[in-house]
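Trainee: I have a new structure to read. Where do I start?
Mentor: Take a look at it, then we go feature by feature.

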Amino acid sequence: MTFQTWNVAIAEDVIATLRDEPGPVLIALQALQEKFGFVHDDAHQLIADAFNVSRAEVFGVFTYYHDLKTTPQSSNTVKICAAEACQAVGCDKLIAEAQAAGFEVEKAYCFGNCALGPAAMIGNRLIGRATVEKLK
């Protein structure tokens, strides 16, 4: 995945396209992360100004959603479900093996793929019955 370098003008353009969306704060945060790979600190004020909300409200939304990041994520990041169904089929072993194989592992809690656990996600790609070989 390739992201653009943080740029205020581009960020403002992205935000401007979302003015008529319901729940624009979250959508703007997600759109900026999709564009830049993370949400720059300066984006909070840009969003607050664009949607006439406080910077604290934007920050509250940002901190509530764990998928929103303050720094670019490694291209080697994998999310592995650590919920009960995936625990029952070996997610802890998969997490340890993925870390040993050099993946940056982020625990997640349920992708809704319980029948095919352990479940993992790389980018937007869901992987059922995940193994390190499948993650590679």
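Mentor: Start with the core. A nonpolar core is a set of buried Ala, Val, Leu, Ile, Met, Phe, Trp, Tyr and Cys residues joined through side-chain atoms within 4.5 Å. Keep in mind that this is a predicted model.

Trainee: Which residues touch the most other members in the largest nonpolar core?
Mentor: That core has 20 residues. Trp6, Ile15, Leu29, Leu32, Ile47 and Phe51 touch the most other members. At least two core residues come from each of helix 1 (8-16), helix 2 (24-36), helix 3 (41-51) and helix 4 (55-64).

Trainee: What is Leu29 in contact with, leaving aside neighbours within four places in sequence?
Mentor: Its partners are Val39, Ile47, Val58, Val61, Phe62 and Leu68.

Trainee: Now Gln33. Is Gln33 buried or exposed?
Mentor: The cut-off for buried is under 20% relative accessible area. Gln33 comes in at 16%, so it counts as buried. Gln33 sits in helix 2. Beyond four places in sequence, Gln33 touches Phe3, Phe38, Val39, Asp67, Leu68 and Lys69.

Trainee: On to charges. How many salt bridges does a search of the whole structure find?
Mentor: First the general idea. Side chains of opposite charge can pair when their charged atoms come close. Here the search finds three salt bridges.

Trainee: Asp67 and Lys79 meet in one of them. Which parts does the pair tie together?
Mentor: The N to O distance is 3.0 Å. Asp67 is in the loop between helix 4 and strand 1 (77-81), and Lys79 is in strand 1, so the pair links parts 12 residues apart in sequence. Asp67 is partly exposed, at 46% relative accessible area.

Trainee: Which residue forms a salt bridge with Lys69?
Mentor: Glu106, with the closest N and O atoms 3.3 Å apart. Lys69 lies in the loop between helix 4 and strand 1, and Glu106 in strand 2 (residues 104-108), so this pair ties together parts 37 residues apart in sequence. Both Lys69 and Glu106 are buried.

Trainee: What separates Lys93 and Glu97 in helix 6?
Mentor: About one helical turn, because they are four residues apart in helix 6 (residues 91-100). Lys93 is exposed, with 58% relative accessible area. Glu97 counts as partly exposed, at 36%.

Key: Residues numbered from 1 in each chain as written. Predicted model: local features only at pLDDT ≥ 70, side-chain atom pairs only at ≥ 80, totals over all residues. Heavy atoms only, no water. Buried < 20%, exposed > 50% of the residue type's maximum accessible area, 1.4 Å probe, protein only. Contact = heavy atoms within 4.5 Å. Salt bridge = Lys/Arg side-chain N within 4 Å of Asp/Glu carboxyl O.
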